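User: Hello! I am new to this structure and would like to know what lies behind the terms used for it. Could you take me through them?

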Amino acid sequence: MPRDAESDIRSLVEPDRVHRRAYSDPDIFEREIAQIFEKTWIYAGHETQVPNPGDYWQFQIGRQPLVMVRGNGDEIHVLYNRCPHRGVQVCGSRHGNGGDALTCPYHAWRFHYDGSLESVPLEAGYRDTRFAANKGDFGMKRVARVQRYRGFVFASLDPRGPDLVEWLGEARVAFDDICDRSPVGRVEVVPNCFRVIQRSNWKFFMENQLDAVHPSVTHMSTGYAAAEVERKLKRETGSQPLHYHYLSAFTTPFEKWDQLETAGYPYGHTTLGGYMGLRPSDPDTLAHEKILAQAYGEQRKEEILGRNIHHVLIYPSISVQSPLQQLRAIRPISHNRTLSEIWHFRLVGAPEAIYRRSLWYYNLVNSPATMINADDLENWQRGQFGLSSDGGDWVSFHRDYGRDTDANGELHSTNGCSELPMRAQFRAWVNYLTATE
Amino acid sequence: MAEHITAASGADLATYHDVSQFLFQQSHLLDSKRWQDYIDLFTEDGLYWMPPAPHYTTWDGTPSIFIEDRDLMTVRMKRVSHPNAWSQQAEWATNHVVSNIVIQGTDAGSGDLLVQSRFHMLEVRRDDVRHFAGTYQHRLRKLDGHWRIASQRVDMVNAQAAYEYVLQIWV
């Protein structure tokens, strides 16, 4: 990166505030795509999205249209979805199965699931050409690196940089927490992906996920509406379904949120402690606990259920709510548009009731008819509008600034409402954007 | 399919007219934002369901875009009616057109009338226009001389497309 570009990036981020251009400047966005999304580890999908040989699922990293393909065994490949012949997209559905070989619809070039060339028609016509001499180059290009952690597949377009596990660091807890709640340590995807476009810069989403001040403000309407009906049900029937609590919990006052803890890690990952009382003592939960105790022993079970993680943000592409088995991935489209992909997972071997409970969260909070994200997306769009104006240059991240502890590259706060997650993310943002290699 | 055609042609004109008026009135309540009146069209155990894709045969244990009984519909109504429902500050309006009404027959067990129709809904929000279209499948029950909705399944052709913003209210 040229020196003036580097100093430009550094000039946008101060420890307690960020210049609005970080959100509103299309040139900055192009640099983010090149320096962050097309370099670091980005979420591809879950291995159970492609259970059988030849199964594929399309997704995007930065500007690159990719396809995640299951090989003949356990292996999972991530390929550029492009035929080396004339550039045509080989896999045409969002997801499907490639049959015996991935086949280009234009001239029937065929590829093994790992992308290598299987055959071309009229091969004699290539005799003595550079094609014949370099057949190995005529496969669908594979991305530089594909690695998995507990079934969650990540890809990197850059061969350099830390391995996935090292890069995830403490944020691994997102996947440990979700998988350990299964007595066999595995989750499988619920085969449905909700997709919603946010009319805002991708960082609005990243910052919002651990922003503990916004829920009781942004989601006040739903929180109060759900609490009202929840009280009515309790009055009439003596009990209320747990899923009402998923909505009424948004009325939780600031003071309670502030009792949570936040942490920020190198590479921009951040965590927020739990708050929803997601370890109730109803019969379904107790049945689940019993299964976990049988599988892991009492002590290990307590370690697993005692983690108290509400939300983990794995910068820059996913937000994981492990106690509810939800994952949201974002795919930036432009500086003011972001696609989100929303998934739900089933704990293999856990009681059906645990799945159904979290399914309510998926339906009520994360579906395209969400009663929660409706107000988030509205706020972020209005934020994008404001940051495109000349009404002011800076975004404030001052709350609890100066009270974070900072050791070994980790930031910690005992204030759940601290703007630590935003400060931690921008610290990583500068590192990504100014990296020389 | 042939059975459906037989059943449809067998429905008497008065029922067809009656059901058509009911469906038109339902759309009118939505377009007029008369939420409580809309909810009151549903039976006490009525359900509004929008599956994520046409192949879903039950909402029970599977993901849904909407799955709401009258209580959850009431949450949604109270949410959009709350003065601090920020997303409602944007001016918005809808226009539904319902057509292709087919009376498929009567459910032998419940006696409910099974009705399929097609809808097209245009929404204006701020300066943006969105279109949603698809199929309604109603189970209608006559109570005290009035049709009520025992269940309404909504299959949108847009269901799996990426949503520009979200759906705030029933389609």
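User: What percentage of the 171 residues of chain B count as buried?

Analyst: Good place to start. This is a predicted model, and in it 50% of the residues of chain B count as buried.

User: How do you know whether the radius of gyration of chain B agrees with a compact globule?

Analyst: We set the value against a rule: 2.2 Å times the number of residues to the power 0.38. For 171 residues this puts a compact globule near 16 Å, and chain B has 16 Å, so the two agree. Along the principal axes, the C-alpha atoms of chain B fill a box of roughly 50 × 35 × 35 Å.

User: Which helices and strands does chain B have, and in what pattern?

Analyst: Chain B has 4 helices and 7 strands. Along the sequence they follow α-α-α-β-β-α-β-β-β-β-β.

User: What percentage of contacts in chain B join residues at least 24 apart?

Analyst: Counting contacts between residues at least 6 apart in sequence, 59% join residues at least 24 apart. A pair counts as a contact when heavy atoms lie within 4.5 Å.

Definitions and conventions. Residues are numbered from 1 along each chain as its sequence is written. Chains are lettered from A and ligands numbered from 1 in the order in which they are written. This is a predicted model: local features need pLDDT of at least 70, side-chain atom pairs count only at pLDDT 80 or more; totals for chains, interfaces and linings use all residues. Side-chain values use heavy atoms; hydrogens and water are left out. Helices (H or I, at least four residues) and strands (E, at least two) are DSSP runs, numbered from the N terminus. Buried means under 20% relative accessible area, exposed over 50%, partly exposed in between (1.4 Å probe, protein chains only).
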